[in-house]
Amino acid sequence: MTTATTGRTEVKGAVGTAHTRVEGRDKVTGAARYAGEVPFADLAHGWLALSTVARGRVRSIDTDAVLGMPGVLAVLHHGNAPRVDTDYIGLLGIPPDPTAAVFQDDRVPHAGWPVALVVAETPEQAREAAEALVVTYDEEPHDTALTSDHPGAYPADGHMPAETEKGDLAAGLASSAFVVDEEYTTPEEHHSMMEPHAATALWDGGRLEVIDSNQGATWVQTELAKMFSLDESAVRVRSEHIGGGFGSKGLRAHQVSAVMAATVLHRPVRVVMTRRQMFSLAGYRSPTAQRVRLGADGDGRLRALEHRSLNQTSTVYEFVEPGAGVARVMYDADAHRTANHVVRLDVPSPTFMRAPGEAPGSFAIESALDELAERCGLDPIELRLRNEPEAGPVSGLPFSSRNLAACFREGARRFGWAERDPRPGMRRNGRWLLGTGTAAASFGAGAGPSTALLTAEADGTFTVRIAAADLGTGARTALTLVAADALEVTPERVRVRIGDSDFGPAMIAGGSMGTRSWAWAITEAARDLRERLALGTTVPPEGITVRSDTTAALGALAQKERHSFGAQFAEVAVDTATGEVRVRRMLGIFAAGRIVNPLTARNQLVGGMIWGISMALHEEAVRDRSTGGLYAPDLAGYHVATHADVGDIDADWVEDHDPDDPVGIKGVGEIGIVGAAAAVANAVWHATGVRHRSLPIRPDRVLSATAPTAGGGADA
Amino acid sequence: MAPAPSSTSSAVTLNINGEKHQLTVDHRTTLLDALRERLDLTGTKKGCDQGQCGACTVLVDGRRAVACLNLAVAAEGREITTIEGLAEGDRLHPVQQAFLDLDGYQCGYCTPGQICSAIAVIEEHAAGWPSAATEDVRPEAGPPPLTPEEIRERMSGNLCRCGAYVSIVQAVARAAEAHGEADTESAKETAA
């Protein structure tokens with residue numbers, strides 16, 4: 001037995017200095033095991049079969065033919081699968097997406113809907129049998145086309161109120177010296193994380209064990225418990241390494257079908273989505289049709305602002321992509337109206353995808369701001385600085401900190417913005433037209449209740465156990481640094497274990513809230529543990545463990561507008577011969593609270609900005625109206641940015657301190673994408689004189705755009 | 001469980017990371033599934049299973065190949081190197097070390113493929129192979145400078161959805177630099 005010490009010797013703070021990832025060695029040697037890679041004796045393999053029609057009912061499933069194929073163990077479908085409960089509200093306060101509650105009835109609400117799971121001894125046998133499975137349907141007419149004037153559109157709340165309104169919009173616009181009134185569209189976009197969704201389910205001594213790839217082990221645990229009417233303690237979900245999530249990795253068809261099959265077959269069953277199946281089963285970002293109306297005084301001050309956003313959702317689940325939410329934080333005007341509407345179509349259910357709402361919404365409003373700057377004859381940064389609000393435009397609440405101006409000043413200095421000639425279409429280098437653009441960014445800084453277990457071990461080390469998830473964010477490393485500082489020890493003495501629902505409830509890795517929420521719980525636990533150890537307690541062999549719960553502390557936090565902010569800068573070259581747009585240079589400067597690990601934070605911010613490039617130029621899932629499915633739903637048909645698309649990109653940050661926040665972390669997972677596509681689009685206008693209000697800015701769109709006339713602009 | 005060879009399966013010997021593995025594989029089994037499902041070498045990742053993402057890149061006779069588009073039965077007689085075969089004991093391969101030091105990843109799922117690809121890129125470049133980014137492709141021009149543009153072009157078959165491209169390119173450049181210095185050193189030694 002030893003006496004544990006904390007803070008006895010001078011320990012340099014770990015937070016704020018670069019640390020390589022604690023699991024880095026496992027990742028570069030291939031030792032890190034992801035969900036589909038944990039071996040089990042007697043493992044069976046499930047393969048999902050998806051509908052080929054976009055709407056209708058399953059008439060027949062010819063199971064006999066495939067049950068006779070080599071190695072086939074079972075075919076689960078709506079006629080024989082266990083019944084599940086979907087009438088509940090989950091951890092995030094929302095009901096489950098019925099797409100995950102597989103095989104409950106014969107209805108087919110969209111193309112690529114799961115109709116059966118074929119289980120076999122080997123993956124090859126399961127795949128061949130699933131592909132051989134004949135399913136017939138009674139087809140019904142379908143509607144999969146989102147149009148800005150769709151008669152089925154209605155206001156919907158989602159994770160914020162559907163509509164806000166103050167002042168007289170018509171009067172505000174009528175009295176404005178300059179008005180912008182434009183429509184913007186963004187296409188269907190898919191998360192496309194590199195690791196497909198995978199789960200292995202097994203019953204072990206009366207307990208359901210699921211090895212899964214998800215964004216919250218307790219989230220999936222509680223959802224599975226509710227769905228299968230089990231006590232939460234009878235379900236354990238583990239997810240040690242996760243190959244990306246971006247909002248898509250919650251409860252989905254793979255876990256539920258694997259649990260069903262393991263229950264029926266009494267043996268471990270693994271279900272892995274194929275890349276193509278992910279395009280209808282894993283959620284996506286809905287296309288949006290947006291309209292922005294801005295009215296400004298002669299000096300560029302906003303008098304009227306309206307932002308309306310419409311997205312599609314499925315007929316079985318309502319998901320709102322709240323594009324109009326950005327203006328509620330960013331810009332004020334006496335007349336201010338925002339509205340998020342949805343329309344139900346015969347399409348798969350969309351879901352959260354990196355900066356839901358902010359990513360498409362910022363493209364529209366930050367493009368519109370650039371258009372207003374052009375009309376006012378103002379520098380786009382100056383226009384934004386003149387419209388910095390004193391308080392939340394809709395809430396009236398004070399900002400906890402709002403360092404947007406500092407981001408613009410620092411970014412402009414480093415990017416060389418002062419030398420910019422504002423006129424469009426003026427810079428040519430061979431067949432390339434060059435331009436620069438900017439845009440603002442914001443993203444909410446929230447937190448969710450979390451519990452943490454912290455143990456002082458007898459050998460003088462410390463173990464943190466928390467059901468956090470490291471999707472590649474660097475959370476495991478960040479929490480190690482936070483724990484080390486809270487205990488006043490070196491990070492080498494701290495071991496952080498995550499991704500296990502047995503560690504207790506914790507916030508998911510989502511909404512840029514994970515690290516903030518978990519760090520809070522760990523800091524509270526460390527304070528309690530230090531108090532215990534300060535009494536000179538001798539640590540017994542089993543260690544001393546304390547548990548924290550931040551529910552009460554979160555409730556006590558003052559109501560304020562809490563957000564990260566940022567300024568995005570892009571330089572593009574547009575090939576006048578091919579229509580290709582290249583992003584040569586990009587800089588993002590962010591005010592994102594306390595940066596825990598500069599090495600991983602910069603990487604994540606730059607990653608978000610690369611998503612912005614990808615959104616601006618490449619990503620577009622195209623739905624075939626006749627079949628209701630996607631054209632070429634794979635990584636050849638759906639383009640995400642690769643190495644050659646990414647030039648010189650950097651991200652940095654300014655001091656951003658919030659005195660009444662005990663944690664100070666704001667999260668860096670999502671703000672990097674916000675405004676990034678608008679900065680690229682604004683740079684394309686500066687290069688060519690053509691406004692692109694529909695993403696992506698494809699070569700054909702560039703080539704078919706009206707050539708700019710001298711001194712004037714044009715529209716694409 | 002290794003079933004006996006039949007009309008739909010064959011016994012093969014696979015040479016992986018210098019070790020011989022005898023197994024009976026379904027003729028449909030890809031090299032990727034043989035590694036992951038049969039030999040417990042799960043470091044090689046399955047991102048798309050159709051040759052579009054590069055996550056399953058391995059070295060076959062020293063050249064990079066996507067394991068998902070190779071059948072296991074066709075890999076007999078080849079020398080296959082996977083991510084598990086790169087480090088020498090505790091000593092990481094210089095490319096692995098550079099990825100670790102420079103944070104050339106985020107989620108880590110594309111990483112084994114990126115690293116195997118990078119090792120081949122450095123070799124291909126040193127051998128004078130041009131790329132679409134090479135200005136002067138005449139053989140007598142010799143290897144072009146391994147600029148960021150060259151690395152980006154040559155690495156573009158490996159997707160990283162987290163968007164860690166900037167640090168991956170830095171890591172490849174650092175490893176290539178170390179590789180070049182090592183070559184120069186060994187050339188000096190040979191000359192001496």
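This note sets out points on the predicted model shown above, covering chain B, its two domains, its contact with chain A, and a helix pair in chain A.

1. Overall form of chain B. The secondary structure of chain B consists of 5 helices and 5 strands. Read from the N terminus, these elements follow the order β-β-α-β-β-β-α-α-α-α. Chain B has a radius of gyration of 18 Å, close to the 16 Å that the globule rule gives for 192 residues, and so it is as compact as a globular protein of that length. Along the principal axes, the C-alpha trace of chain B spans about 55 × 45 × 40 Å.

2. Domains of chain B. The domain assignment divides chain B into domain 1 (9–85) and domain 2 (94–191). The centres of these domains, taken over C-alpha atoms, are separated by 23 Å.

3. Contact between the domains of chain B. Here 15 residues of domain 1 of chain B are in contact with 13 residues of domain 2 of chain B. On the domain 1 side, strand S3 (57–60) and strand S4 (63–66) of chain B each supply at least two residues. S3(B) gives the most to that side, with 3 residues. By class, the domain 1 side comprises 6 nonpolar, 6 polar and 3 charged residues.

4. Contact between chains A and B. In the model, 45 residues of chain A are in contact with 48 residues of chain B. On the chain A side, the elements giving two or more residues are helix H1 (24–29), helix H3 (123–132) and helix H15 (598–617). The largest share, 8 residues, comes from H15(A). By class, the side of chain A that touches chain B has 20 nonpolar, 17 polar and 8 charged residues.

5. Packing of H12(A) and H13(A). Helix H12 (residues 475–487) and helix H13 (residues 514–534) of chain A pack with their axes 9 Å apart, at an angle of about 30°. The two helices are therefore roughly parallel to each other, since angles under 35 degrees count as such. H12(A) passes H13(A) in a right-handed crossing.

6. Residues between H12(A) and H13(A). H12(A) contributes A:Ala475, A:Ala478, A:Leu479, A:Val482, A:Ala483, A:Ala486 and A:Leu487 to the contact. From H13(A), the contact residues are A:Gly514, A:Thr515, A:Trp518, A:Ala519, A:Ile522, A:Thr523, A:Ala526 and A:Arg530. By class, this contact of H12(A) with H13(A) has 11 nonpolar, 3 polar and 1 charged residues.

Terms used: Residues are numbered from 1 along each chain as its sequence is written. Chains are lettered from A and ligands numbered from 1 in the order in which they are written. This is a predicted model: local features need pLDDT of at least 70, side-chain atom pairs count only at pLDDT 80 or more; totals for chains, interfaces and linings use all residues. Axes are lines fitted to C-alpha atoms, for helices over the stretch in contact, and angles run from 0 to 180 degrees between N-to-C directions. Helices (H or I, at least four residues) and strands (E, at least two) are DSSP runs, numbered from the N terminus. Angles under 35 degrees count as roughly parallel, over 145 as roughly antiparallel, 65 to 115 as roughly perpendicular and the rest as oblique. A crossing is left-handed if the near helix is turned anticlockwise from the far one by less than a right angle, and right-handed if clockwise. Two residues are in contact if their C-beta atoms, placed from the backbone, lie within 7 Å. Ala, Val, Leu, Ile, Met, Phe, Trp, Tyr, Cys and Pro count as nonpolar, Asp, Glu, Lys and Arg as charged, and the others, Gly among them, as polar. Domain bounds come from an automatic or database domain assignment. The radius of gyration is taken over C-alpha atoms; the globule rule is 2.2 Å times the number of residues to the power 0.38.
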